[in-house]
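Please read the points below with the sequence and the 3D view open beside you. They go from the overall fold to single residues.

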Amino acid sequence: MGAPGPFLAAALISFLAGAISGLATWKRPTAARVAAFGFAILGSLLLAAAGCLALTFPTSATWSLPLVTLFACTVRVDSLSA
(Lines give C-alpha, C1' and ligand atoms only; values in the text may rest on other atoms or scores of the structure.)
Protein backbone atom coordinates (compact mmCIF):
# COMPACT_ATOMS: atom_id res chain seq x y z
CA MET A 1 0.00 0.00 0.00
CA GLY A 2 2.89 2.31 -0.71
CA ALA A 3 2.12 3.56 -4.20
CA PRO A 4 -0.72 5.89 -5.19
CA GLY A 5 -1.01 4.30 -8.65
CA PRO A 6 -3.77 1.75 -7.98
CA PHE A 7 -5.87 4.33 -6.15
CA LEU A 8 -5.45 6.81 -8.99
CA ALA A 9 -6.48 4.24 -11.59
CA ALA A 10 -9.46 3.10 -9.51
CA ALA A 11 -10.61 6.70 -9.04
CA LEU A 12 -10.48 7.46 -12.75
CA ILE A 13 -12.31 4.22 -13.55
CA SER A 14 -14.92 5.15 -10.94
CA PHE A 15 -15.49 8.53 -12.59
CA LEU A 16 -15.85 6.81 -15.96
CA ALA A 17 -18.31 4.29 -14.48
CA GLY A 18 -20.34 7.17 -13.04
CA ALA A 19 -20.56 8.87 -16.42
CA ILE A 20 -21.61 5.65 -18.12
CA SER A 21 -24.16 4.79 -15.43
CA GLY A 22 -25.66 8.27 -15.68
CA LEU A 23 -26.06 7.87 -19.41
CA ALA A 24 -27.40 4.32 -19.09
CA THR A 25 -30.18 5.38 -16.71
CA TRP A 26 -31.20 8.60 -18.42
CA LYS A 27 -34.88 7.61 -18.48
CA ARG A 28 -34.93 7.28 -14.67
CA PRO A 29 -33.60 10.58 -13.28
CA THR A 30 -33.55 9.46 -9.64
CA ALA A 31 -31.53 6.34 -10.39
CA ALA A 32 -29.21 8.35 -12.66
CA ARG A 33 -28.50 10.87 -9.90
CA VAL A 34 -27.85 8.21 -7.29
CA ALA A 35 -25.57 6.17 -9.55
CA ALA A 36 -23.61 9.08 -11.01
CA PHE A 37 -23.10 10.91 -7.72
CA GLY A 38 -22.35 7.69 -5.87
CA PHE A 39 -19.53 6.90 -8.28
CA ALA A 40 -18.33 10.52 -8.04
CA ILE A 41 -18.13 10.28 -4.26
CA LEU A 42 -16.27 6.97 -4.51
CA GLY A 43 -13.84 8.45 -7.05
CA SER A 44 -13.23 11.49 -4.84
CA LEU A 45 -12.47 9.31 -1.82
CA LEU A 46 -10.07 7.21 -3.89
CA LEU A 47 -8.35 10.37 -5.14
CA ALA A 48 -8.02 11.57 -1.56
CA ALA A 49 -6.38 8.26 -0.65
CA ALA A 50 -4.03 8.56 -3.63
CA GLY A 51 -3.13 12.10 -2.56
CA CYS A 52 -2.41 11.01 1.00
CA LEU A 53 -0.19 8.20 -0.26
CA ALA A 54 1.61 10.58 -2.61
CA LEU A 55 2.28 12.93 0.30
CA THR A 56 3.46 10.09 2.52
CA PHE A 57 5.72 8.29 0.05
CA PRO A 58 8.02 10.14 -2.40
CA THR A 59 6.69 8.31 -5.45
CA SER A 60 4.54 9.48 -8.32
CA ALA A 61 1.86 7.76 -10.35
CA THR A 62 1.03 8.37 -13.99
CA TRP A 63 -2.01 7.15 -15.87
CA SER A 64 -2.27 7.62 -19.64
CA LEU A 65 -5.36 7.15 -21.74
CA PRO A 66 -4.67 5.14 -24.89
CA LEU A 67 -6.39 7.54 -27.27
CA VAL A 68 -5.34 8.21 -30.82
CA THR A 69 -5.35 12.00 -30.67
CA LEU A 70 -3.02 14.82 -31.46
CA PHE A 71 -2.13 15.35 -27.79
CA ALA A 72 -1.55 12.75 -25.11
CA CYS A 73 -4.07 12.54 -22.27
CA THR A 74 -2.13 11.87 -19.07
CA VAL A 75 -3.05 12.21 -15.40
CA ARG A 76 -0.21 12.35 -12.87
CA VAL A 77 -0.10 12.58 -9.08
CA ASP A 78 3.05 13.30 -7.09
CA SER A 79 3.94 15.03 -3.85
CA LEU A 80 3.61 18.54 -5.27
CA SER A 81 0.26 18.01 -6.99
CA ALA A 82 -1.20 16.11 -4.02
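1. Among contacts in the protein (heavy atoms within 4.5 Å) that are between residues at least 6 apart in sequence, 59% join residues at least 24 apart.

2. This is a predicted model, in which local features need pLDDT of at least 70 and side-chain atom pairs count only at pLDDT 80 or more, whereas totals for chains, interfaces and linings use all residues. Residues are numbered from 1 along each chain as its sequence is written, and side-chain values use heavy atoms, with hydrogens and water left out.

3. The protein has two helices and two strands, which follow one another from the N terminus as α-α-β-β; helices (H or I, at least four residues) and strands (E, at least two) are DSSP runs, numbered from the N terminus. The C-alpha trace spans about 45 × 30 × 20 Å along its principal axes.

4. Of the 82 residues, 23% count as buried, a term that means under 20% relative accessible area with a 1.4 Å probe, protein chains only.

5. Leaving aside neighbours within four places in sequence, Val77 is in contact with Pro4, Leu8, Ala54, Thr59, Ser60, Ala61 and Ala82.

6. Thr25 lies in the loop between helix H1 (5-24) and helix H2 (29-56), and it counts as buried because its relative accessibility is 14%. Beyond its neighbours within four places in sequence, Thr25 is in contact with Ala31 and Ala32.

Note on methods. Buried < 20%, exposed > 50% of the residue type's maximum accessible area, 1.4 Å probe, protein only.
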